[in-house]
Amino acid sequence: MATTIPLFASFKYADSLTVVGISFCTALVCEAISWILIYRTSSYKSLKYSIDKAAKKLETMKTENPSSKLTIKKSKTKKMDRVETSLKESSRDLSLFKFKSGAVVALVLFVVFGLLNSLFEGKVVAKLPFHPIAIVRKMSHRGLKGEDPTDCSMAFLYLLCSISIRTNLQKFLGFSPPRGAAGGGAGLFPMPDPKTN
């Protein structure tokens, strides 16, 4: 049997507001953990500074007018390759550095999800304003009885809230990844190198 937080009990969308509120609080806790373990350390600050510096340097090198002389072009290409390599290494180091707080944050999210799952098991917490496609319906209708495709389960709403709230909170607090880290090849699917084609 689902229960709601007394603060939201009188509202029409009490269950939805409860899930959104808990998701926001969880995002705050996760960012606080990340700040304690990562963002306040001097290692993180120096890595972030080196990534920003290398990204700016690479950007200015790419926007400079190419010279007509072949030897200058080769020299510039070698310098760009060195800066790109440095950027990729720093981004990889930053990813590894962030990994230690990732385990703690994952544990917090797992505990909160388990708590919410027990509170809202089999209960519709929201109505979708559209009829989702089959793959989305499997996620949005997870654990619910009935055939109404617009019914939304807690798991789907919590997933959407967690992704959007945490990302925007990181930007607001200034904890978003450095500019060069996103495109530095440290992600799951790095951009292909155009020079190899």
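The following legends describe close-up views of a predicted model.

**View 1. Overall arrangement of the chain.** The chain contains six helices and two strands, where helices (H or I, at least four residues) and strands (E, at least two) are DSSP runs numbered from the N terminus. Along the sequence, these elements follow the pattern α-α-α-β-α-β-α-α. Of the 197 residues in the chain, 33% are buried, that is, under 20% relative accessible area with a 1.4 Å probe and protein chains only.

**View 2. Helix α1 crossing helix α5.** The axes of α1 (residues 14-39) and α5 (residues 154-173) come within 8 Å and cross at roughly 45°. The crossing of α1 past α5 is right-handed. Residues in contact (heavy atoms within 4.5 Å) include V20, F24 and L28 of α1 and L157, I165 and L169 of α5. By class, this contact has 14 nonpolar, six polar and two charged residues.

**View 3. Residue T18 in helix α1.** T18 belongs to helix α1. This residue counts as buried because its relative accessibility is 2%. The side chain of T18 reaches the backbone oxygen of A14 at 2.7 Å.

**Notes.** Residues are numbered from 1 along each chain as its sequence is written, and side-chain values use heavy atoms, without hydrogens and water. In this predicted model, local features need pLDDT of at least 70 and side-chain atom pairs count only at pLDDT 80 or more, whereas totals for chains, interfaces and linings use all residues.

Conventions. Axes are lines fitted to C-alpha atoms, for helices over the stretch in contact, and angles run from 0 to 180 degrees between N-to-C directions. A crossing is left-handed if the near helix is turned anticlockwise from the far one by less than a right angle, and right-handed if clockwise. Ala, Val, Leu, Ile, Met, Phe, Trp, Tyr, Cys and Pro count as nonpolar, Asp, Glu, Lys and Arg as charged, and the others, Gly among them, as polar. Buried means under 20% relative accessible area, exposed over 50%, partly exposed in between (1.4 Å probe, protein chains only). A polar contact is a pair of N or O atoms within 3.5 Å; within protein, one must be able to donate a hydrogen and the other to accept it, and residues adjacent in sequence count only if both atoms are side-chain atoms.
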